[in-house]
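Let's walk through this protein together, with the sequence and the 3D view side by side.

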Amino acid sequence: MNNKTKAIIFIIISAFGFAIMSTFVKLSGNLPSIEKSFFRNSVSCVVAFYLIKKSGAPLFGKKENRVPLLLRSLFGTLGIIANYYAIDHLILSDASMLNKLSPFFVIIFSFIFLKEDLKLIQGIALVVAFLGSVFIIKPSFNSNLLPALIGVLSATCAGGAYTFVRYLGGKEKGQTIVFFFSFFSIVTTLPFVILQFKLFTLNQFICLLGAGVFASVAQFALTAAYKYAPAREISIYDYTQILFTALIAFVIWGDIPDYLSIIGYVLILSASIIVFIYNNKKDAQA
């Protein structure tokens, strides 16, 4: 099995894990988004700590990588909180699709920070993808506008985080990256959790625990995927999460996206396919 095939398998596992995580987040009810994020990252931190102790990898990475580790963790923490807020206030497939704008932000951030070329076809795909997001957001200045914009913010932050994951891919162990991020998230969100703590029921606790477990599976799988292949080659497969979430949301809540959202899905997926085909052709010619 070559590295690209491994990356595809890992990213589909990650997509399924995040779909189940999102389901548990929504099932956990009206708890604050930051509290949900705290418990999700607590589970990831424990799992990552165990794997680090087992493998002997450094807890906080190499000194020269601390700044990108901090930036990855900051963007990741903000992205999770924003994503959880969107999940709570939008139908699950809309929240997931807005979050899946993140690969396009990876292209933008890679151009800005990693000095990668931005080709014309990628620019066109970016425009198409963001046009698709407008169909999902349906800007009408009603009560759904803020959650939708926060959903886009979650994608922006996730794109920043994944850019730094790419940068760190060959420099730090996957479990170190996940532990640093989880530990950072716990420390930075704990004061806010204490200030607005809301007591949860047993069912809510089980949902939070489930969200944490599946988020851990998804996070480790995603980190592994980006270590085996660059985002431009495998990001298209991350969109399988939309299929998983749409099916789950229909079965549990009877959610069906409206026709404007479906148009948005098609546009974003089309843009992703354009970038995917372009990158494969470029690699074949190299």
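Start with Lys 36, which is buried, with a relative accessible area of 2%. Here buried means under 20% relative accessible area, exposed means over 50%, and partly exposed lies in between, with a 1.4 Å probe and protein chains only. Before going further, note that this is a predicted model, in which local features need pLDDT of at least 70 and side-chain atom pairs count only at pLDDT 80 or more, while totals for chains, interfaces and linings use all residues. Residues are numbered from 1 along each chain as its sequence is written, and side-chain values use heavy atoms, leaving out hydrogens and water.

What does Lys 36 meet in a salt bridge? Its partner is the side chain of Asp 88, at 2.7 Å from N to O. This pair links distant parts of the chain, with Lys 36 in helix α2 and Asp 88 in helix α3 (residues 66–89), 52 residues apart. Asp 88 is partly exposed, with a relative accessible area of 23%. A salt bridge here is a side-chain nitrogen of Lys or Arg within 4 Å of a carboxyl oxygen of Asp or Glu. Side chains of opposite charge can pair when their charged atoms come close.

By this rule the count comes to three salt bridges. Another joins Asp 238 to Lys 100, with the closest N and O atoms 2.9 Å apart. Asp 238 sits in the loop between α10 (231–234) and α11 (240–253), and Lys 100 in the loop between α4 (92–99) and α5 (102–113), 138 residues apart. Both Asp 238 and Lys 100 are buried.

Asp 258 and Lys 138 also meet through their side chains in a salt bridge, at 3.4 Å from N to O. Asp 258 lies in the loop between α11 and α12 (259–285) and Lys 138 in the loop between α6 (120–137) and α7 (145–168), so the pair ties together parts that are 120 residues apart in sequence. Asp 258 is partly exposed at 33% relative accessible area, and Lys 138 is partly exposed at 26%.

Now return to helix α2 (residues 33–55), where Arg 40 is found. Arg 40 is buried yet has no salt bridge, and Asp 238, the nearest side chain of opposite charge, is 12 Å away. Leaving aside neighbours within four places in sequence, Arg 40 has contacts that include Phe 18, Met 21, Tyr 84, Phe 181 and Gln 219. Contact means heavy atoms within 4.5 Å.

Next, find Leu 114 in the loop between α5 and α6. Leu 114 counts as partly exposed, at 28% relative accessibility. Beyond its neighbours within four places in sequence, Leu 114 is in contact with Phe 109, Thr 163 and Tyr 167.

Finally, step back to the whole protein. The protein has 12 helices and zero strands; helices (H or I, at least four residues) and strands (E, at least two) are DSSP runs, numbered from the N terminus. Its radius of gyration is 18 Å, close to the 19 Å that the globule rule gives for 286 residues, so the protein is as compact as a globular protein of that length. That radius is taken over C-alpha atoms, and the rule is 2.2 Å times the number of residues to the power 0.38. Of the 286 residues, 53% count as buried. Among contacts between residues at least 6 apart in sequence, 90% join residues at least 24 apart.

Conventions. Lys, Arg positive; Asp, Glu negative; His and termini not counted.
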